[in-house]
Amino acid sequence: MNITVTDDAKEQLKIPDDKMLQLSFDRGSCDIVNTLYEMKVVPKRHPAEYEKILDVEKLSILVDYDFEEAYDHELTIDFVNNFFVFKNKNQTFNNRIGLKYV
């Protein structure tokens with residue numbers, strides 16, 4: 001999986017060492033509608049059997065096991081106009097996601 005976190009997004013993602021980022025997505029009825037709907041900072045833990053942890057640019061990111069396939073093995077996380085933006089080479093998946101702390 002090729003995940004890129006832009007400099008603007010990195011500035012917003014100052015996550016303590018004992019926490020990780022959890023990305024949740026809503027798999028649509030067709031493969032063009034895989035929308036991220038939630039981004040949370042959660043305590044670090046072992047992934048459940050349907051999850052895995054991706055280590056990206058000093059971030060631990062908890063995702064569903066088939067996350068990479070859903071996003072065509074490519075995802076860019078950006079921060080624009082006070083919201084996170086997720087996109088790959090073909091499309092922008094969501095442009096109004098905030099960061100929730102749990």
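In the hairpin formed by strand 4 and strand 5, two residues sit between the strands, and one of the residues in this hairpin, E57, takes a positive phi near 45 degrees. The model described here is a predicted one. Strand 4 covers residues 51–56 and strand 5 covers residues 59–64, with E57 in the loop between them. The two strands run antiparallel and are joined by six bridges. Within this pairing, V56 stands opposite L59 of strand 5.

E57 is not a glycine, yet its phi is positive, at about 45 degrees. K58 is another residue of the loop between strand 4 and strand 5, and its phi is likewise positive, near 70 degrees, although K58 is not a glycine either. How exposed is K58? With a relative accessibility of 90%, K58 counts as exposed. E57 is partly exposed, because its relative accessible area of 38% lies between the 20% and 50% limits. E57 also takes part in a network of salt bridges that links it with D7 and K10.

As a general point, side chains of opposite charge can pair when their charged atoms come close. A search of the whole structure finds seven salt bridges. One of them joins the side chains of E38 and K40, with an N to O distance of 3.8 Å. Are these two partners buried or exposed? E38 is buried, with a relative accessible area of 19%, and K40 counts as buried at 18% relative accessibility. E38 also meets the side chain of K100 in a salt bridge, at 3.3 Å from N to O. K100 belongs to strand 9 (residues 100–101) and E38 to strand 3 (residues 34–43), so this pair ties together parts that are 62 residues apart in sequence. K100 counts as partly exposed, at 44% relative accessibility. A further salt bridge, between K87 and D78, spans 3.8 Å from N to O. In this pair, K87 is partly exposed at 28% relative accessibility, while D78 is buried at 13%.

The buried nonpolar residues come next. In soluble globular proteins, nonpolar side chains tend to be buried together. The largest nonpolar core in this model has 26 residues, and those touching the most other members are L23, F67, I77, F84 and F86. Leaving aside neighbours within four places in sequence, L23 is in contact with residues including L36, M39, I61, V63, F67, I77 and F86. E38, the salt-bridge partner of K40, is also among the contacts of L23.

Helix 2 (residues 67–70) contains E68, which is buried with a relative accessible area of 15%. The side chain of E68 makes a polar contact of 2.2 Å with the side chain of K52. Beyond residues up to four places away in sequence, E68 touches M1, K52, L54 and H73.

Strand 1 has a covered face, with I3 and V5, and an uncovered face, with N2 and T4. Strand 1 pairs with strand 6 (residues 74–80) in the parallel sense, over four bridges. Within strand 6, E74 is the bridge partner of N2.

How values were computed:
Residues numbered from 1 in each chain as written. Predicted model: local features only at pLDDT ≥ 70, side-chain atom pairs only at ≥ 80, totals over all residues. Heavy atoms only, no water. Core = buried A, V, L, I, M, F, W, Y, C linked by side-chain atoms within 4.5 Å. Buried < 20%, exposed > 50% of the residue type's maximum accessible area, 1.4 Å probe, protein only. Contact = heavy atoms within 4.5 Å. Polar contact = N/O pair within 3.5 Å; in protein donor to acceptor, adjacent residues only side chain to side chain. Pairing = 2+ DSSP bridges. Salt bridge = Lys/Arg side-chain N within 4 Å of Asp/Glu carboxyl O.
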